[in-house]
Amino acid sequence: MTVLFVILIPAILLIGGIATDVTMLNSQKRHLQRQVDLAAMAGAQQLPSAAGYTRLAERTFEANGNCDRTQTTTACSGDRLLRTLPYREGANGWEPAPTPAAATALYVEGETRFRPLLLGAFFKDEDLRIRRSGIARRVYVSEPMATFTL
């Protein structure tokens, strides 16, 4: 009985640690995707103004990047907006627009660091990055409109 206990307790703790890391990874992926989507939607409404869409996308990304400071985890720290590019609809889907004036959508790419609890001992901090991208089309409406997903 004691031998079984000595073998099972570390195995159960290891499985619990891996499950916690996978849960944290999925949570950070979802949070980063929401950040990128919000930045793309906000910036797309400023097209074709190059300065306008970049500034608004950056401000929106940063405003939605900080997690609750009372959390003990380091989730959502290290977020950064990698790039914003004007896009347009092409024959094969979305493609980069030659100029912001020709753009009908905005492509946004963001990145964050992932710091696992258990597996962090086996990886260098700079190797664990999560990247997500999103694209939002400018909507031309006469009435103010909000778009979101749950």
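The buried residues of helix 2 are G52, Y53, L56, A57, T60 and F61, where buried means under 20% relative accessible area, exposed over 50% and partly exposed in between, with a 1.4 Å probe and protein chains only. Viewed down the axis of helix 2, these buried residues fall within an arc of 145 degrees, so they line one face of the helix; the arc is that of the directions from the helix axis to the C-beta atoms. Helices (H or I, at least four residues) and strands (E, at least two) are DSSP runs, numbered from the N terminus.

This is a predicted model, in which local features need pLDDT of at least 70 and side-chain atom pairs count only at pLDDT 80 or more, while totals for chains, interfaces and linings use all residues. Residues are numbered from 1 along each chain as its sequence is written, and side-chain values use heavy atoms, with hydrogens and water left out.

On the face turned away from the buried side, helix 2 carries the exposed residues R59 and E62. The cover over its buried residues includes helix 1 (2–44), strand 1 and strand 3 (105–113). At the start of helix 2, a side-chain oxygen of S49 comes to within 3.0 Å of the backbone nitrogen of G52.

Strand 1 (residues 80–90) contains L82. L82 is partly exposed, at a relative accessible area of 27%. Apart from neighbours within four places in sequence, L82 is in contact (heavy atoms within 4.5 Å) with E109, G110, E111 and R131.

Definitions and conventions:
Polar contact = N/O pair within 3.5 Å; in protein donor to acceptor, adjacent residues only side chain to side chain.
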